[in-house]
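Please examine the sequence and the three-dimensional model shown below. The paragraphs that follow lead through the fold step by step.

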Amino acid sequence: MNAEIRNWIQIGSLEDIPRQGARCVKTRGMTVAVFRTATDDVFALEDKCPHKKGPLSQGIVHDGCVTCPLHNWVISLETGAAQGADDGRTLAFPVRLEDSRIYIDLSHSHEAV
Ligand code: FES
């Protein structure tokens with residue numbers, strides 16, 4: 001169906017992540033935070049705030065965003081971009097859900113959507 005080549009890596013199941021929470025996956029020298037929203041959407045961002053590298057996985061998930069626990073920057077879960085007046089972006093990775101199994105593709109990070 002889709003000819004686009006992806007390198008999907010299975011990293012667990014939806015049930016492994018609490019709603020409005022996150023779970024970290026360490027890979028390729030990087031920590032990726034995988035977030036689950038209140039409506040069971042899943043997103044993956046490098047676990048590094050674009051401000052001063054705060055652990056986004058420990059932030060508060062709300063409205064398609066995560067609020068960094070260090071200085072409250074709000075980061076889009078979809079794009080990794082800082083919201084509002086703040087400027088910066090963390091890497092965001094494609095996520096696929098299949099029968100509650102979560103796959104991420106670390107070879108493609110989202111830039112501007
Ligand atoms: S490190 Fe995230 S807001 Fe400062």
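Which residue stands opposite Arg96 in strand 10? The residue is Tyr103. Before the setting of this pair is described, two conventions are needed. Residues are numbered from 1 along each chain as its sequence is written. The model is predicted, and local features need pLDDT of at least 70, side-chain atom pairs count only at pLDDT 80 or more, while totals for chains, interfaces and linings use all residues.

The protein contains ten strands and zero helices. Here helices (H or I, at least four residues) and strands (E, at least two) are DSSP runs, numbered from the N terminus. Read along the sequence, the pattern is accordingly β-β-β-β-β-β-β-β-β-β.

Strand 9 (residues 95–98) and strand 10 (residues 101–105) run antiparallel and are joined by four bridges. Two strands are said to pair if DSSP finds at least two bridges between them. Besides the pair already named, Val95 stands opposite Ile104 in strand 10. The hairpin of strand 9 and strand 10 has two residues between the strands, and Asp99 takes a positive phi near 50 degrees there.

These two strands belong to an open sheet of three strands in the order 1-10-9, with antiparallel pairing. Strand 1 (8–13) and strand 9 stand at the edges with a single partner strand each, so one side of each has no neighbour in the sheet. From one strand to the next, the twist averages 30 degrees; for such angles, axes are lines fitted to C-alpha atoms, for helices over the stretch in contact, and angles run from 0 to 180 degrees between N-to-C directions.

A further open sheet is formed by four strands in the order 2-3-4-8, again with antiparallel pairing. Its edge strands are strand 2 (21–27) and strand 8 (92–93), each of which pairs on one side only. Strand 4 (residues 42–46) and strand 8 pair in the antiparallel sense over two bridges, and Ala44 stands opposite Phe93 in strand 8.

Leaving aside neighbours within four places in sequence, Ala44 is in contact (C-beta atoms, placed from the backbone, within 7 Å) with Val32, Val34, Ala92, Phe93, Val95 and Ile104. In soluble globular proteins, nonpolar side chains tend to be buried together.

Over the whole protein, buried residues make up 31% of the 113 residues; a residue is buried if 20 or more other C-beta atoms lie within 10 Å of its own, exposed if 12 or fewer, and partly exposed in between, with C-beta atoms placed from the backbone. The C-alpha atoms fill a box of roughly 40 × 25 × 25 Å, taken along the principal axes.

Key: Two residues are in contact if their C-beta atoms, placed from the backbone, lie within 7 Å.
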